[in-house]
Amino acid sequence: MENDFIIKCIDSVAQCIIDREDEIESLDRAIGDGDHYINIKRGSSALQSIKPELEDIPTNEIFKKIGMTLMTSVGGASGPLFASFFLSVSKHIEEGDNLQKFSQAFALGVESIMQRGKSKLGDKTMLDVLIPVSEKLKVLADDSYEIKELTKQIDLVAQASVKATKDLLPTKGRAAGLADRAIGHIDPGAKTCQLIISTICYELNKT
Ligand code: ADP
Ligand code: MG
């Protein structure tokens, strides 16, 4: 994975978050406490400010720096969860890894969120996008799919998974207190994960 590409994704994701402010904020206002946009925006701006430090370091160090930066800049439940994903990936990724290796590191990153959040598939959280995406990525990488087809399929899984969080009963995080009153609403963390994944797919398609 090229440093330049990761830096490009940091900017694109930051822009995407800003573009979708109203949507992200209203989702967390509906079933959370309304701060998810602020939390994510703070994290993406912090990542933009460390871009120069990411230019000439090994891939695992990039993921580590991203994780540490998110840990210290993003508040709420989502900050430490996003941070643990990147810190875990940093431990399992090496310079020049192919997509298969990356998909394994991604899966371990998702697992570290599950451990930290004591959460699983179906809890109506970010994991309801990340787990299906991780599973699809593993299958597509193992089958050596072309990047164009792979990004298209990953994007479709992310879009379908985020929509499906609407019907789920929340059992973790702030939304859990609302019980079935949260049904009919998309989970905000799942939405930001989908936006991040779709943005990276879009950028990958341009390479
Ligand atoms: P907070 O809930 O503390 O206000 P945010 O609003 O930034 O933090 O993030 C809320 C999102 O975090 C939720 O929409 C959900 O996707 C995710 N989340 C919360 N708790 C957990 C958990 N235990 N496991 C996985 N994801 C979680
Ligand atoms: Mg919140």
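Where is K118 found? K118 is found in the loop between helix 7 (99–117) and helix 8 (127–142). This residue opens the note below on the predicted model, which then turns to charged pairs, the ligand and individual positions.

1. Backbone at K118. The phi angle of K118 is positive, about 45°, although K118 is not a glycine. Most residues other than glycine have a negative phi. K118 is exposed, since its relative accessible area is 66%, and the cut-off for that class is over 50%.

2. Backbone at S144. A positive phi also occurs at S144, where the angle is about 50° although the residue is not a glycine. S144 lies in the loop between helix 8 and helix 9. With a relative accessible area of 62%, S144 is exposed. A reader checking backbone geometry may wish to look at K118 and at S144.

3. Salt bridges overall. How many salt bridges does a search of the whole structure find? The search finds nine. Among them are the pairs R29 and E25, R174 and D33, and D123 and K120, which are taken in turn below.

4. R29 and E25. The side chains of these two residues meet in a salt bridge, with an N to O distance of 2.7 Å. Both belong to helix 2 (residues 21–31), and because they are four residues apart there, about one helical turn separates them. R29 counts as exposed, at 54% relative accessibility.

5. R174 and D33. Here the closest N and O atoms of the salt bridge are 2.9 Å apart. The pair links distant parts of the chain, 141 residues apart: R174 is in the loop between helix 9 (147–164) and helix 10 (188–206), and D33 is in the loop between helix 2 and helix 3 (36–49). R174 is exposed, with a relative accessible area of 59%, whereas D33 is partly exposed, at 39%.

6. Is D123 buried or exposed? D123 is buried, because its relative accessible area is 2% and the class requires a value under 20%. Its side chain meets that of K120 in a salt bridge of 2.9 Å, N to O. K120 counts as partly exposed, at 49% relative accessibility. Elsewhere, salt bridges that share partners join R20, E23 and K191 into one network.

7. Residues around ligand 1. There are 20 residues around ligand 1, and those that come nearest are N39, A77, S78, S119 and D187. For A77, a backbone N or O atom lies 2.8 Å from an oxygen atom of the ligand. For S119, a polar side-chain atom lies 2.6 Å from a nitrogen atom of ligand 1. For D187, an N or O atom in the side chain is 2.6 Å from an oxygen atom of ligand 1. On its own, ligand 1 has 560 Å² of accessible area, and the protein covers 92% of that area.

8. The site of ligand 1. Ligand 1 takes up the space of the second largest pocket. Which elements give two or more residues to the shell around ligand 1? They are helix 3, helix 6 (78–92) and helix 10. Helix 10 gives the most, with three residues.

9. K91 in helix 6. K91 is found in helix 6, one of the elements that contribute two or more residues to the ligand shell. K91 counts as exposed, at 66% relative accessibility. The C-alpha atoms of K91 and I24 are separated by 30 Å, and these residues are 67 residues apart along the chain.

10. L27 in helix 2. L27 has its place in helix 2. At 15% relative accessibility, L27 counts as buried, whereas R29 counts as exposed. The C-alpha atoms of L27 and I186 are separated by 6.7 Å, although the two residues are 159 residues apart along the chain.

Notes: Residues numbered from 1 in each chain as written. Chains lettered and ligands numbered in written order. Predicted model: local features only at pLDDT ≥ 70, side-chain atom pairs only at ≥ 80, totals over all residues. Heavy atoms only, no water. Salt bridge = Lys/Arg side-chain N within 4 Å of Asp/Glu carboxyl O. Buried < 20%, exposed > 50% of the residue type's maximum accessible area, 1.4 Å probe, protein only. Near = heavy atom within 4 Å. Polar contact = N/O pair within 3.5 Å; in protein donor to acceptor, adjacent residues only side chain to side chain. Areas by Shrake-Rupley, 256 points an atom, 1.4 Å probe, with all protein chains shown as cover. 1 Å grid on protein atoms, 1.4 Å probe; cavity = no way out; pocket = protein on both sides within 12 Å on 5 of 7 lines; lining within 4 Å. Sits in = over half its atoms within 2 Å of the grid points.
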